Amino acid sequence: VQLQASGGGLVQTGGSLRLSCAASGRTFSRNSMGWFRQAPGKEREFVSGITWSGSRTYYADSVKGRFSISRDNAKNTVYLQMNSLKPEDTAVYYCAASRGSWYDAADFGSWGQGTQVTVSS
């Protein structure tokens with residue numbers, strides 16, 4: 001699976017953004033998908049995951065209640081709706097495909113190019 005994230009940008013605290021990840025490859029609909037982020041000087045953080053059917057999701061505590069992951073298998077796209085953004089959400093966001101679960105970061109690989117999200121205070 002090849003992945004390309006988009007939708008990042010500069011937003012004020014409290015604002016919203018929706019990230020998209022376009023996937024190519026015949027097996028997209030069979031893969032759990034996820035979003036990760038990495039801020040400068042910090043380790044990559046697993047933000048959210050979703051099953052191939054979209055029926056189950058995972059969220060990191062840091063984004064629970066503010067972010068929402070979804071997917072449209074007909075469009076080979078996974079989304080991350082980000083609301084109530086905070087400066088600490090500033091990072092490069094990446095999507096990835098899982099070889100297994102939707103909740104274990106270690107299962108994810110096939111990284112795509114990231115998209116920068118910057119939240120100003």
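**View 1. Ser 101 is a buried residue in this predicted model.** The relative accessible area of Ser 101 is 9%, and since buried means under 20%, Ser 101 falls in that class. To find Ser 101 in the fold, look in the loop between strand 9 (91–98) and strand 10 (108–109).

**View 2. Ser 101 has neighbours beyond its own stretch of sequence.** Leaving aside residues up to four places away in sequence, Ser 101 touches Ser 32, Asp 107 and Phe 108.

**View 3. Stepping back, the chain is built from strands.** There are 11 strands and zero helices, giving the pattern β-β-β-β-β-β-β-β-β-β-β along the sequence. Of the contacts between residues at least 6 apart in sequence, 55% join residues at least 24 apart.

**View 4. The overall dimensions agree with a compact globule.** For 121 residues, such a globule would have a radius of gyration near 14 Å, and the chain has 13 Å. Its C-alpha trace spans about 40 × 25 × 25 Å along the principal axes, and 43% of the residues count as buried.

**View 5. Here is the surface and its charges.** The accessible surface comes to about 6300 Å², with 44% belonging to carbon and sulfur atoms. The chain carries 13 positive and 8 negative side chains, and the centres of these two sets are 8 Å apart.

How values were computed:
Residues numbered from 1 in each chain as written. Predicted model: local features only at pLDDT ≥ 70, side-chain atom pairs only at ≥ 80, totals over all residues. Heavy atoms only, no water. Helix = DSSP H or I, 4+ residues; strand = E, 2+ residues; numbered from the N terminus. Rg over C-alpha atoms; globule rule 2.2 N^0.38 Å. Buried < 20%, exposed > 50% of the residue type's maximum accessible area, 1.4 Å probe, protein only. Contact = heavy atoms within 4.5 Å. Areas by Shrake-Rupley, 256 points an atom, 1.4 Å probe, with all protein chains shown as cover. Lys, Arg positive; Asp, Glu negative; His and termini not counted. Charge placed at Lys NZ, Arg CZ, Asp CG, Glu CD.
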